[in-house]
Structure formats: structure tokens, C-alpha cells
Protein chains: 2
Amino acid sequence: MSNSIKIKASGSVANVSCGFDCLGYSLDSPADILEITKNNSSKINISMTGLGIENIPLIPKKNTAGKAIISLLSKLNINQGFNVKIEKGIPPGSGIGSSASSAVGAVYGVNQLLDNPLTSRELLVHSMAGEAVASGGFHADNVAPSLLGGMILIRSYKPLDIIQIPIPEKLWSTVILPNYTINTKDARKMLPDQVALKSAVNQTGNLAGFILGFVNSDFNLISRSMKDLFAEPVRQTLIPGFKRIKNSALENGAIGCGISGSGPSIFAFSNEKEIANKIGIGMKNAFSKEGLSSKVYISKINQNEPRILD
Amino acid sequence: MSNSIKIKASGSVANVSCGFDCLGYSLDSPADILEITKNNSSKINISMTGLGIENIPLIPKKNTAGKAIISLLSKLNINQGFNVKIEKGIPPGSGIGSSASSAVGAVYGVNQLLDNPLTSRELLVHSMAGEAVASGGFHADNVAPSLLGGMILIRSYKPLDIIQIPIPEKLWSTVILPNYTINTKDARKMLPDQVALKSAVNQTGNLAGFILGFVNSDFNLISRSMKDLFAEPVRQTLIPGFKRIKNSALENGAIGCGISGSGPSIFAFSNEKEIANKIGIGMKNAFSKEGLSSKVYISKINQNEPRILD
């Protein structure tokens, strides 16, 4: 058994339009890289490099990766210590699952170093415990896709019920990350406690249509279904130029477009790589007009678990 | 071309649990039988026999069948009159699409007699116009399954977007109709204008799970998903002994159970005919204890359009 492992844990898009708070999918990039090594103590030592690390606590129980490992080791009743070097490729507050990736990479790597006592699905609750340090609540819509890959439905939290959705072969994802930060907790506070029954029914119908569209690779149905009546109407005000950026994506051929997580990232689906690229260029230009630089990530939906690097 | 036709238009179950206001399915029975004959005038003459006809108006524009035909003929700009004899097999106020069946049978039959100028899907809006006379609003969740067969998702009304859902081969439906009447309009008034965002998210997750369960013939997932957080909590008080009846269905092996339409009918799903029968007997006994006689209808989901009888 090795004493050291290097893990790539991908970012993810949660609140996938009509799937607010119950759908998320995994990206190829950006990702966090975690190098985890057993040490000779029972201590967890965290160190970080990379993007947006200034405000991330290194105290293990306040760090998403640290807390996730603590949760896992407590479950396994194991006293082993680990050194965890995190290279943040996903800046916090970006809306593409930064804290989830660190938590997922940490438990995935530690589980490997312990010779896989738990299945990936069993690691989910520990990743969630880690991510909760940053998000302030137990959420699975970033953690589950980052850990399991693919497009994930969280049907229920009590009990936790996670279902993988078939993915159309030709589906491409474009994600744009502007140089701008939104606090997840603040974005959550904006949400209404109540919604109109009519909107709620529409949203259920749209998510059902979205699922059937994915199952049948029916891009037109996916497109018709991609409307979020819960979060987008209030949260779009947090993102400079959101409407113009979304319109540019749709004009460039996007099947649908929405806020990734609680923003400021924005995702769009398309059915060709060329269109995915065109959408990215268009959104980048639109953000430029708002005075914001941005990064674009284009890939198919990542259907893999975290990758073990050499 | 014949001058006369006889149509069997099936009842249907709307508000299928987590699919409140957006899912409905077609039954084999009960059904309305409509005998439609061209006459030598431009008038529509309605006559009725059968169950619960006392309060159904015969004036065409106030009758669901009559109004549906008026809507269709107006669209086609045709002045032909028809005699419509309706044998009501589905009593009004039963919650299994009584008014929808009459409206559907009427336009389906008239369209046949006119040599099918419209497709079945095109008949939908005219059936809806007919059903609106009784229900007080434009709904498709009884009309669409009765007209097209199967399990139907109404993704949206504006524009109307209707999608057929694959049906697990082994799925059986048990419907019980007690001798008790609920007014659809009153049941609609009971509904809250607003629902908690949390409940709305749960309902979207459950409907998504329900759809995936149907697609994958995953009865366990269907079962876990069959919870209605919108209507059942308030409407169950309208049905004497609802909780006991639902519990008896679940104890007898039902995958799920809920109010059919706005009640008082109750539907349950199971994965064997024998279990479907057992569920029916159990629910019938439970209604007896409430002092109510009842009828039980057992079938697979009816995947056919209205039937033309000899």
C-alpha cells in the first residue's frame, strides 16, 4: 500500500436550471489537485496553493478537506494522520463547487490510501460534512457529481437518495467563470421562503421534461425545459450583465443556459463542440463589456470519479 | 364515409402523486360510450343515460361533449349538426376524468365522422375547451391521457407541451371509486396559493425520480418518489378515511398510492395483477368501514386512444 497519492477532483455545476437544488453535473476542468500523504502522527496538516486561498482556513476542522477527512476517519475509527497539500484550481465563491472538490478529493484520496474501506457512494456523507464547513449546510448537488461523475439527481436528503441520469452523447458544456465573487451564503439568503404553487408546478413539469430530454437525447425538449423559476429570477441581479450574457449564449446556439450554483459562473449546453466554443467566446465578450475578465471551460459532462494522478 | 360512430372514451387519473397538475394516465375502465350521428341540421343534440347525469346540462355549449364539438367545428369552419348519445360510465365528481372522457369521446368521434381532418394531438385543445365547461379552467391532465393513451406529462400549458412517458411492462393500476362526491372546483379552492420553496424542491426531485423510475422500470425508485407535498396534505381531509385506505394499499403491497384527480377516487400502483386485486379488496373493505360502498377498477395503464366500437 502506498503512503502517498495525488488526486484530481473536478469542479461541478449545481442548480442546473429547472433542477434547482436537486441537479448537478461534473466538469472536466477546472479541478483541485490534492497530494495526500500519511504522516507519523494522528494529525491532519493542511497546506494550500493556487487560486483564492487567502481566506480559506487551514485548521482541519474549519477546512472543507480537513473536516471531510475527520468525518471519514471518525466513521472508520482510525487514528492515522495525513498531510494534505491542496492546489486550488477552482477559486472559492466561483459557483462551480470549489469547496466540494477539495472535500471530495480529500476523502477519495484518504479512502484510497486506506485500501478503500468505503465505496464512493459511502464517501458521499463525509464529503458533504466537509463541504458544509464552507456552505453552511448539507448539500449534495456539487459533492455528488464531483465524487461520482455524471449528471446527478438528488431526489431526497432524508434519506439521501442519489440517482445518475443518462447523458446524451452529443451534449457539450460551456462554463464561464468571471473574475468576480459571490458569497454562497448571501446568495442563499436571497431565495424566497415560499413560491407560487403555479411556479412550483411549472418547475416540476420542466424538470420532468429535462429528464425525459436527457433519457431520449431530445435536445429540443431539454431546451424547452431549461427554465428556473425559483433562483434565477432573484439571483441574476448578483451577476453583472447576466441577461445579456445568457442571451448571447442562446443566440450562439445554446440549448439552454443558467447560473452555475449560486454564480457568478454561468453554464450553457450545446450539441457540438464548435458551438460550445462559440458560446464561450460570446459570453467572454459580453463579460468584457461589463469590465470583467473571465475564464471559459469547455467539455462534455465528466462521467468519471476523481482521477488518481501519477 | 359512415354517418354514425360509437366511441369508448376511458377515464383517467390526474394529479399522479408527485405529478400534481402535470401527470395523468389513462384507464381501461370505467369509460363513457358515445354514439354520434350526423343529422340534417346544424344543431348539436345531446342526450344522456347512465351514472350521475342528473346535474349535467344538455345545452350543447354548457355540456362538455357539446362544447368540445362546437370548438372543433368552429376551428374547421364546418356547419354540420350531430346527435350525441352519451352513456355515462364515469360519474361526474368521481375524480377519474368524467367530463374529460365525454369531451374526448365527442371530438374523437366527430373527427372520425369528418374523415379525420385533425390528428389526435390537434384534438387536444378542443377536448380541453369542452372539459373547461365542467372544471372551470383549461386542464390537460385528464383530457390528454384519455385522448392519447398512456402516462402523460404536461410540461407546460403556454405553449401546450405534452410528452408520453415509457411505462414499465409489469405496472398495474388499482382505482377505487367510493359512492361519494367531491366538487372539483371546491377541491381546487382548497389548494394553497404558495408553497414552501423546500417542498417545491422536494416535489421536483420526486417527480424527476418518478420519471426515471418509469424509464428504468425501477419500482423501488417509483415507490420512493411517490409523495405529493402540494395537494394531498390538504385534500385528504375531503375523503373519509383516506389515511387508513392509503395505508391498507401500502400494506397490501402497493408501490404507491394517492388521490386520483381531486378525489374521492384513490389510485394505487403495483407490479402484479394479484397484488392489484388484493389492494382493491383491502381498500374496498376500508371504505366499507367508513360506511361507503365502492367500485374497484383494475388494469394496466391503457396505452390506446379512444376505441371505435362496432
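Student: How far apart do the C-alpha centres of domain 1 and domain 2 of chain A lie?

Tutor: In this predicted model, the C-alpha centres of the two domains of chain A are 24 Å apart. Domain 1 of chain A covers 4–164 + 303–309, and domain 2 of chain A covers 172–299.

Student: How many residues does each domain of chain A bring to the contact?

Tutor: Domain 1 of chain A contributes 21 residues and domain 2 of chain A contributes 31 residues. On the domain 1 side, β1 (4–16) and β2 of chain A each supply at least two residues, and β2(A) gives the most, with six residues. By class, that side divides into nine nonpolar, eleven polar and one charged.

Student: How is the size of an interface often given?

Tutor: It is often expressed as the accessible area lost when the parts come together. For the two chains here, the description is by residue contacts: 34 residues of chain A are in contact with 34 residues of chain B.

Student: Which elements of chain A give two or more residues to the side that touches chain B?

Tutor: They are β2 (19–39), β5 (151–157), β6 (160–165), β8 (194–196), α6 (197–215) and α7 (219–225) of chain A. Here α6(A) gives the most, with 14 residues. The side of chain A that touches chain B has 20 nonpolar, nine polar and five charged residues.

Student: In which sense do β8(A) and β8 of chain B pair, parallel or antiparallel?

Tutor: β8(A) pairs with β8 (residues 194–196) of chain B in the antiparallel sense, over three bridges. Within this pairing, A:V195 has B:V195 in β8(B) as its bridge partner.

Methods: Residues are numbered from 1 along each chain as its sequence is written. Chains are lettered from A and ligands numbered from 1 in the order in which they are written. This is a predicted model: local features need pLDDT of at least 70, side-chain atom pairs count only at pLDDT 80 or more; totals for chains, interfaces and linings use all residues. Two residues are in contact if their C-beta atoms, placed from the backbone, lie within 7 Å. Helices (H or I, at least four residues) and strands (E, at least two) are DSSP runs, numbered from the N terminus. Ala, Val, Leu, Ile, Met, Phe, Trp, Tyr, Cys and Pro count as nonpolar, Asp, Glu, Lys and Arg as charged, and the others, Gly among them, as polar. Two strands pair if DSSP finds at least two bridges between them. Domain bounds come from an automatic or database domain assignment.
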